[in-house]
Amino acid sequence: MKKRTVKISLTNQIMVATILGIFWGVCLPSFGDQLQVIGDIFLRLIQMSVVVLVMGSVIEAVGKLDPKELGGIGRKVFLWFTGSTIVAAVVGLLFALILKPGTGIDRNTLGTAETMASVDTLEDLILNFIPVNIIQAMVEQNMIQVIIFSLLFGFSLSLIKDEKKNSLFLDLITSFNHVLLKMISLIMKLAPLGIFGLVASLVQDTGIRVLSMLVNFLFTFAVASFVFLFFWFVLTAFYCKVSFIRLIKNMWRVSVISFTTTSSAVSLPFQIEDGKEKLGISDRINKLVMPLAMTLNSNGLALFLSLAMVTIAQTYHIHLGFADFLQIILLSALACLGTIVVPGGGLVTLATVLPMVGLPTESIALLAGIDWFSGMFRTLLNVVPDMTVAMIVAHDEDQLDYEVFNKVTRDLQKLKT
């Protein structure tokens, strides 16, 4: 008989590594510093390709859009995607400021961190979004400038693909992205070892108090997520003129699947099926918006990023001003374009944006151990607004079947009787 090998998922490996890192940092603090180099190597491996990965992902996502097919629908979808993502980032920031999950750790135990450089005026802040030299922006890892360039580049590729019937360069970028994703996936196999080194070093410096910060962060994330979902359900029900309770019931299956699997890709087939059979969204809107939303609309990630950045700033006692808050919101929203669909993608994206706001990249170790739990709420917030945006657009285009939407409840009532 062949021996059956038990495979441990990467998520579980990271959780085990976090626990072992905490144990090592508490019980053997004298060896914590020696392990930090392991974590630093892992962070450098992630950072070395993340700029071109984000650039390639955004260019591919926007470049594959069909201008003729989208037209007016595309403008509506883009506005709702942008609006929901910005609202999610604002909610994350507000709850971080209200509940302050990053407070309670002694500043001296964390060492020093680079202070955020606030922009003097709103005009300077806006101008700083536009790159003067894209190569310089890539070298400096100015992700806002890189994403702005990628949006324009991707849109131009989309137009050329439509006008010249030529997608050769877009196909090349897609193939290049596949290579980068494979490389990141290989690097992420080292994540348990890297996270172990980072957590052991961190706990040696901060002590067991870091655990209370993690609990506070997860609690804040959960509360912010449900507040955002409640607001979004109310908005959708009011806008589409449907029952609030019935809307929740019709989306219950997809919500459970997304929450438990922590995968937008796994949830997508169920989104398309329930969008048609339970929400009454037409095939034309359903099959256009849902796949597009998985790439371009990540409300959960936006809320997570803004909450995480403010939490880490609180932990390192870094003062934030209005310009900093505005930058965090915009960066959280822009970083969600072309979502990085690799294991630990949330941590990869967080490692991308932290240097932009003057926060140490090694601080991701603070949140790495609870990434799976954070991923449950991130995925829920990514998936549910995707379906509601599709429903809203279908309502605007008069392609929302209210009989189908209400039929679900009537069928349930018949089964009960």
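Q: Phe377 first: buried or exposed?
A: Phe377 counts as buried, with 11% relative accessibility. Buried is under 20% relative accessible area, exposed is over 50%, and partly exposed is in between (1.4 Å probe, protein chains only). This is a predicted model, where local features need pLDDT of at least 70, side-chain atom pairs count only at pLDDT 80 or more, and totals for chains, interfaces and linings use all residues. Residues are numbered from 1 along each chain as its sequence is written, and side-chain values use heavy atoms, with hydrogens and water left out.

Q: And Phe259?
A: Phe259 is partly exposed, at 23% relative accessible area.

Q: What kind of pair do the rings of Phe259 and Phe377 make?
A: Edge-to-face, because the planes are at 75° and the centres 5.3 Å apart. Rings of Phe, Tyr and Trp (its six-membered ring) pair if their centres lie within 6.5 Å; planes under 30 degrees apart count as stacked, over 60 as edge-to-face, the rest as tilted.

Q: Which rings are in the cluster?
A: Ring pairs link Phe217, Phe221, Phe226, Phe259, Phe304 and Phe377.

Q: Switching topic: what lies over the face of Phe304?
A: Arg378, at 4.6 Å from the ring centre. The cut-off for a charge over a ring is NZ of Lys or CZ of Arg within 6 Å of the ring centre and within 35 degrees of the ring normal.

Q: How many aromatic pairs does the structure hold?
A: 14. One of them is Trp24 with Phe196, edge-to-face at 5.8 Å centre to centre and 80° between the planes.
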